[in-house]
Structures are given as structure tokens and as C-alpha cells.
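Please examine the model below. The questions that follow take up individual residues, the chain as a whole and its pocket.

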Amino acid sequence: MRETTAATVSLHEEGIVCVALRDDVDIEPRHVDEITAAAAALTQGKRHGNLVDARKLRYMSKETRDVFARQERSSVSAIALLLESSLQRTLGNLYLNVSHPTIPTRIFTDERLAVLWLREQNDRR
């Protein structure tokens with residue numbers, strides 16, 4: 001497990017990294033590199049899916065969302081965003097439709113389904 005300024009990054013299981021965003025930090029572009037480095041250290045550069053637990057997320061700037069969406073990470077097979085409410089999910093889907101992330105990304109409210117999808121994505125790539 002790795003602690004960053006904005007998240008706890010841990011190995012959920014082989015091939016899946018969990019990024020639990022903190023509720024007391026507004027996520028900014030500078031946090032992206034910290035989170036990415038922590039995930040890379042845990043996986044030693046091996047291909048993996050990211051389970052991003054954003055259920056407690058307070059705020060993420062548009063600039064930060066764009067950095068995440070445009071970031072090229074050859075070691076990341078897919079990103080599952082775990083959200084809590086229907087409103088978060090609706091706003092998240094709207095954002096995904098506009099931003100067109102470079103990495104396959106889906107939104108979930110059920111962690112079990114998110115993990116199953118990440119496993120499928122890891123098997124495809």
C-alpha cells in the first residue's frame with residue numbers, strides 16, 4: 001500500500017490496483033503524477049486495471065479530469081470509476097461522453113461488478 005497526498009493506492013488483487021481518493025483533498029493536476037507513480041511502484045510496471053474509488057471525492061477540477069482522461073499509460077488496461085450516487089454516476093457518464101478518455105473507462109456503483117469488468121479488460125489486452 002502507498003499513501004499519497006490525495007489517495008491511498010493499494011494492490012486489490014493481482015492485476016488490479018485500487019486508488020481510494022481522499023475526502024479531505026481537492027484533487028489537482030499535481031496529484032496525478034503522485035498517484036500514477038504509486039501505482040507503478042506497486043505493479044512494477046506490469047499491466048493492470050485501476051479501480052478508482054471516488055465515492056468520497058469532494059472536488060476534482062476540470063483540468064485534473066482532463067489530465068486523467070488524456071494521460072497515456074501503457075501499463076493500464078482499463079479504469080473503473082466507483083461512485084456512490086445516481087447523481088455522481090450521471091455527471092460521470094456525461095463527462096466520459098465529452099472527454100473521450102484514451103483508456104477504456106466505465107462507471108460503477110457496485111465494486112464487485114467493477115472488479116469483474118476490470119478482469120475482463122485485463123484478459124482482452
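Q: With which residues is T36 in contact, leaving aside its neighbours within four places in sequence?
A: The model is predicted: local features need pLDDT of at least 70, side-chain atom pairs count only at pLDDT 80 or more, and totals for chains, interfaces and linings use all residues. Residues are numbered from 1 along each chain as its sequence is written, and side-chain values use heavy atoms, with hydrogens and water left out. T36 is found in helix α1. Once neighbours within four places are set aside, its contacts (heavy atoms within 4.5 Å) are Q71 and R73.

Q: Why does T43 count as buried?
A: T43 has its place in helix α1. Residues up to four places away in sequence not counted, T43 touches L11, V17 and H48. T43 is classed as buried because its relative accessible area is 8%.

Q: Which value of phi does Q44 have?
A: Q44 is found in the loop between α1 and β4 and counts as exposed, because its relative accessibility is 65%. Most residues other than glycine have a negative phi. Q44 is not a glycine, yet its phi is positive, near 55°.

Q: In which loop is H100 found?
A: H100 also has a positive phi, about 50°, although it is not a glycine. H100 is exposed, because its relative accessible area is 55%. It is found in the loop between α3 and β6.

Q: How far apart in space are the C-alpha atoms of E84 and K56?
A: E84 is found in the loop between β5 and α3 and counts as exposed, because its relative accessibility is 60%. Leaving aside neighbours within four places in sequence, E84 is in contact with R55 and T109. E84 and K56 are 28 residues apart in sequence, and their C-alpha atoms are separated by 8.1 Å.

Q: In which order do the elements of the chain run from the N terminus on?
A: Helices (H or I, at least four residues) and strands (E, at least two) are DSSP runs, numbered from the N terminus. The chain comes to 4 helices and 6 strands. From the N terminus on, the order is β-β-β-α-β-α-β-α-β-α.

Q: What radius of gyration does the chain have?
A: The C-alpha atoms fill a box of roughly 30 × 25 × 25 Å along the principal axes, and 42% of the 125 residues count as buried. Among contacts between residues at least 6 apart in sequence, 76% join residues at least 24 apart. The radius of gyration is taken over C-alpha atoms, and the globule rule is 2.2 Å times the number of residues to the power 0.38. A compact globule of 125 residues would be near 14 Å, which agrees with the chain's 13 Å.

Q: Which residues are the closest to the centre of the largest pocket?
A: A pocket is an open set of points on a 1 Å grid where a 1.4 Å probe fits, with protein on both sides within 12 Å along at least five of seven lines; lining residues have an atom within 4 Å of a point. Grid points are joined across faces, edges and corners, and a volume is the space filled by probe spheres set on the points. The largest pocket has a volume of about 830 Å³. Of the 36 residues that line it, the closest to its centre are L57, M60, R65, L81 and Y95.

Q: Which element gives the most to the lining of the largest pocket?
A: Elements that each supply at least two lining residues include α1 (29-43), α2 (62-70) and β5 (76-82). The lining divides into 24 nonpolar, 9 polar and 3 charged residues; Ala, Val, Leu, Ile, Met, Phe, Trp, Tyr, Cys and Pro count as nonpolar, Asp, Glu, Lys and Arg as charged, and the others, Gly among them, as polar. With 8 residues, the element that gives the most is α3.

Conventions:
Buried < 20%, exposed > 50% of the residue type's maximum accessible area, 1.4 Å probe, protein only.
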